[in-house]
Amino acid sequence: MGDDDSTTMPAEAAAVVAAGDPKPWKAEYAKSSRSHCRACSKPISKDTFRLGHMQHAQQFAGFMPPRFIQHKQEAFWFYRFLSIVYDHVINPGHWTEDMREEALEPADLNDPDLVVLDVGGGTGFTTLGIVKTVDAKNVTILDQSPHQLAKAKEKEALQECNKVEGDAEDLPFQTDYADRYISAGSIEYWPDPQRGIKEAYRVLKKGGKACLIGPVHPTFWLSRFFADVWMLFPTEEEYIDWFTKAGFQDVQLKRIGPKWYRGVRRHGLIMGCSVTGIKPESGDSPLQMGPKAEDVKGPWNPISFAYRFVIGVLAASYFVLVPIYMWLKDLVMPKGQPI
Ligand SMILES: C[S@@+](CC[C@H](N)C(=O)[O-])C[C@H]1O[C@@H](n2cnc3c(N)ncnc32)[C@H](O)[C@@H]1O
């Protein structure tokens, strides 16, 4: 499970607190899913995560990954450019058609009349998998990027789908609206993933199912470094924790990955798991949360934006190389052996 709600103080944090008033430790410009200080268990207000707010070591009890693109404006501009090549360059390395089938299988898209939301649907690659079994006119693609949605609009099979510009953390749909909530490869950009999953719960009907496909955190040090600089790569435990806290039942996690990785997960995966849960009761999630912290059209500081964007994009480039490296390894290593 995630350590957000840990009420026990980790040993290293206890040592810092015992040493007295700690020195300001670093400018904390990270976004985190952590809502409570690990040392003192007090709630951490959202704006303490913004650039320039000095934090004390005891507040975080260790390194806080910067995750430069896990912000709405940075993600918006990231996809302003990436949408041009997204379907041709990004998906073949990380999110293939056979992975999509595997990942959508637990969503039980078994009836053409299901009302389906594809949140962070982008260019519609995942939606193309959904409309294989669900009537396109019952499917809505929501994304905060008009540039990504413009690509979805070009696809013949998606002509009848509704396309909506909106925010995954504040869905423009009524409570108890949909039979299925699907989101693939989008959570990593949400500043507050728990809020997005709470929204998934809200918009589903009683008995409806959420299926969230997303990255998994690397364990190999170099990959972990670049992942943490780029965006949110949750652990499997964090996904289960967020779903459970939102109120979902029968929460399941299925591992996925490109075939040529032969099951290797140490570099992390941009599409590494498919998490499902069922909404047991109608109405809003039992989880109480304050107002959302960020908006794509909110105020912004151009200097902090520019440096976060540039460093985040550089870190992301590493993950263009990883699938190529794994593909070469798969070519040269004897078949049937671990790589
Ligand atoms: C990696 S793409 C995935 C697109 C698509 N689901 C697919 O399977 O190819 C991530 C998408 O999430 C969108 N996104 C990021 N943050 C969002 C937010 N807060 N609300 C809605 N969409 C968001 C991005 O604009 C982008 O189109």
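**View 1. Ala75 within helix α3.** In this predicted model, Ala75 is located in helix α3. Because 24 C-beta neighbours fall inside 10 Å, Ala75 counts as buried, the threshold for that class being 20 or more other C-beta atoms within 10 Å. Leaving aside residues up to four places away in sequence, Ala75 touches Ile69 and Tyr189. Met231, although 156 residues apart from Ala75 in sequence, is 9.6 Å apart from Ala75 in space, taken from C-alpha to C-alpha.

**View 2. The buried residues of α3 and their packing partners.** Besides Ala75, the buried residues of α3 include Lys72, Gln73 and Glu74, together with Phe78 and Tyr79. The buried residues of this helix pack against α7, which spans 146-153, and against α11, which spans 302-332.

**View 3. The shell around the ligand.** The ligand is surrounded by 22 residues, of which Gly120, Gly122, Ser145, Ala168 and Ser186 are the closest. By residue class, the shell divides into ten polar, eight nonpolar and four charged residues. Both α3 (72-82) and α6 (125-130) supply at least two residues of this shell, and α3 gives the most, with three residues.

View 4. An unreviewed UniProt entry carries the annotation "transmembrane region" for residues 305-328. In the predicted model, the chain over residues 305-328 is 100% helix and 0% strand, and the C-alpha atoms at the ends of this segment are 36 Å apart.

Terms used:
Residues are numbered from 1 along each chain as its sequence is written. This is a predicted model: local features need pLDDT of at least 70, side-chain atom pairs count only at pLDDT 80 or more; totals for chains, interfaces and linings use all residues. A residue is near a molecule or strand if its C-beta atom, placed from the backbone, lies within 6 Å of it. Helices (H or I, at least four residues) and strands (E, at least two) are DSSP runs, numbered from the N terminus. Ala, Val, Leu, Ile, Met, Phe, Trp, Tyr, Cys and Pro count as nonpolar, Asp, Glu, Lys and Arg as charged, and the others, Gly among them, as polar. A residue is buried if 20 or more other C-beta atoms lie within 10 Å of its own, exposed if 12 or fewer, and partly exposed in between; C-beta atoms are placed from the backbone. Two residues are in contact if their C-beta atoms, placed from the backbone, lie within 7 Å. UniProt positions are given in the numbering used here, feature names are shortened, and annotations may be inferred rather than shown by experiment.
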